[in-house]
Amino acid sequence: MESLFRCPLCQRALDRQENRYLCPQGHSFDRAAAGYVHLLPANKMHSKDPGDDKGMATARNRFLSGDYYRPLCDALAELAVKYAPETVSVFDAGCGEGYYSAAIYRALVQAGRQVRMAGADLSKHALRRAAKREKEVEFAVASVYDLPVGDQCADLLFNCFSPLALEEFRRILKPGGIYFYVVPGERHLWELKNVLYDRPYPNTEKRTPYEGFSYLEVRPVDGTIHLPDQQTIFDLFQMTPYFWKTPREGVQRLTALDSLDTTISFRIHVFQKE
């Protein structure tokens, strides 16, 4: 069947076959056993194993599978149904292990939409889990700054905590298409930050207008989660940017905890392409 992905070498449409993707020029890309495809050309790879490594992908998958971020997942699914046309093409840029992708896809199908959906991420370790989580969604190793999809191919575009590649997002969205941009709220993980840092600071919340997009709404998602054990606490820590920039003393305080209650706070910025 015709894929949402296009050939990264010649930009022609790809045909999605059982074990590979094939373009009219004869370029062929094998599908991994898990179901995803590698569409990041070797000359654009900045490392041998880009994106989240195996340990980080495992931690993220374990944490999200515990549904600690279910309120955000439910809000994204609700918004997808709200804005989707009857026949809808959806793209998840920086999809990770597919936790949100799968929920959005299933919500749209349950709402009676005709859905084509794809997601891209740099981490093959994350995509291995994504492809197993929802087999009807296409997943590919690719950079959000050079997405292997055609111009104006998506009705809905999701970007959850991934790089802001506005030029690419404008390119792949149809006129009138909807862009969902998820960012942390002011006090997201505030109690966790208080353990890690002597003087934590709140996140900045603001509306930022982007060229070619107009605001439709900002959906807040707030709550408190209970992390019942050290493994879950450290899984969350490993998912965050704090993992790379926390002083040793902060990490020691964190590893001494048996449990933790912490705020979760997200803001879903909803834009429409002009």
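Author: A salt bridge is a side-chain nitrogen of Lys or Arg within 4 Å of a carboxyl oxygen of Asp or Glu. Arginine 267 and aspartate 222 form one, with the closest N and O atoms 3.2 Å apart. Keep in mind that this is a predicted model.

Reader: Which elements hold arginine 267 and aspartate 222?

Author: Arginine 267 is in strand 12 (residues 260-273) and aspartate 222 is in strand 11 (residues 213-227). The two residues are 45 residues apart, so the pair links distant parts of the chain.

Reader: Is arginine 267 buried or exposed?

Author: Buried means under 20% relative accessible area. Arginine 267 has 14%, so this residue counts as buried.

Reader: How many salt bridges does the structure hold?

Author: The structure holds 14 salt bridges. One of them joins arginine 62 to aspartate 235, with 2.7 Å between the closest N and O atoms. This pair also links distant parts of the chain, 173 residues apart. Arginine 62 belongs to helix 1 (residues 54-65), and aspartate 235 to helix 7 (residues 230-239).

Reader: Where do arginine 62 and aspartate 235 stand in accessibility?

Author: Arginine 62 is partly exposed, with a relative accessible area of 41%. Aspartate 235 has 2%, so it is buried.

Reader: What forms a salt bridge with aspartate 151?

Author: Arginine 171 does, at 2.8 Å from N to O. Aspartate 151 lies in the loop between strand 8 and strand 9 (154-160), whereas arginine 171 lies in helix 5 (residues 166-172). They are 20 residues apart. Exposed means over 50% relative accessible area. Aspartate 151 has 51%, so it counts as exposed. Arginine 171, at 18%, is buried.

Reader: Which residues are linked in a network of salt bridges?

Author: Glu78, Lys82, Glu217 and Arg219 are linked in such a network.

Reader: Back to helix 7. How many of its residues are buried?

Author: Start with the general idea. An α-helix has 3.6 residues a turn, so residues three or four places apart point the same way. Now the case here. Helix 7 is mostly covered, with 7 of its 10 residues buried. They are Thr232, Ile233, Asp235, Leu236, Phe237, Gln238 and Met239.

Reader: What do the buried residues of helix 7 pack against?

Author: Their partners are helix 1, helix 6 (190-196), strand 11, helix 8, helix 9 (248-255) and strand 12.

Reader: What is found at the start of helix 7?

Author: A side-chain oxygen of aspartate 229 comes to within 3.3 Å of the backbone nitrogen of glutamine 231.

Reader: Now a loop residue. Where is glutamate 134 found?

Author: Look in the loop between helix 4 (124-133) and strand 8 (138-141). Glutamate 134 has a relative accessible area of 10%, so this residue is buried.

Reader: Which residues does glutamate 134 touch?

Author: Leaving out residues up to four places away in sequence, glutamate 134 touches Ala102, Tyr105, Arg106 and Phe139. With arginine 106, the side chains make a polar contact of 2.8 Å. A polar atom of the glutamate 134 side chain also lies 3.0 Å from the backbone nitrogen of glutamate 136.

Reader: On to pockets. What is the volume of the largest pocket?

Author: The general idea comes first. Rolling a probe the size of a water molecule over the atoms shows where empty space is left. Here the largest pocket has a volume of about 1100 Å³. It is lined by 44 residues, and those closest to its centre are Arg60, Phe161, Ser162, Met239 and Pro241. Helix 1, strand 10 (173-184), helix 7 and helix 8 (242-245) each give two or more residues to the lining.

Reader: Which element gives the most to the lining of the largest pocket?

Author: Strand 10 does, with 4 residues. By class, the lining of the largest pocket has 26 nonpolar, 10 polar and 8 charged residues.

Reader: How much space lies in the second largest pocket?

Author: About 230 Å³. Of its 14 lining residues, Val183, Thr204, Glu205, Lys206 and His269 are the closest to the centre. The elements that give two or more residues to this lining are strand 10, strand 11 and strand 12. By class, the second largest pocket is lined by 7 nonpolar, 3 polar and 4 charged residues.

Technical notes. Residues numbered from 1 in each chain as written. Predicted model: local features only at pLDDT ≥ 70, side-chain atom pairs only at ≥ 80, totals over all residues. Heavy atoms only, no water. Buried < 20%, exposed > 50% of the residue type's maximum accessible area, 1.4 Å probe, protein only. Polar contact = N/O pair within 3.5 Å; in protein donor to acceptor, adjacent residues only side chain to side chain. Contact = heavy atoms within 4.5 Å. 1 Å grid on protein atoms, 1.4 Å probe; cavity = no way out; pocket = protein on both sides within 12 Å on 5 of 7 lines; lining within 4 Å. Points joined across faces, edges and corners; volume = space filled by probe spheres on them. Nonpolar A, V, L, I, M, F, W, Y, C, P; charged D, E, K, R; others polar.
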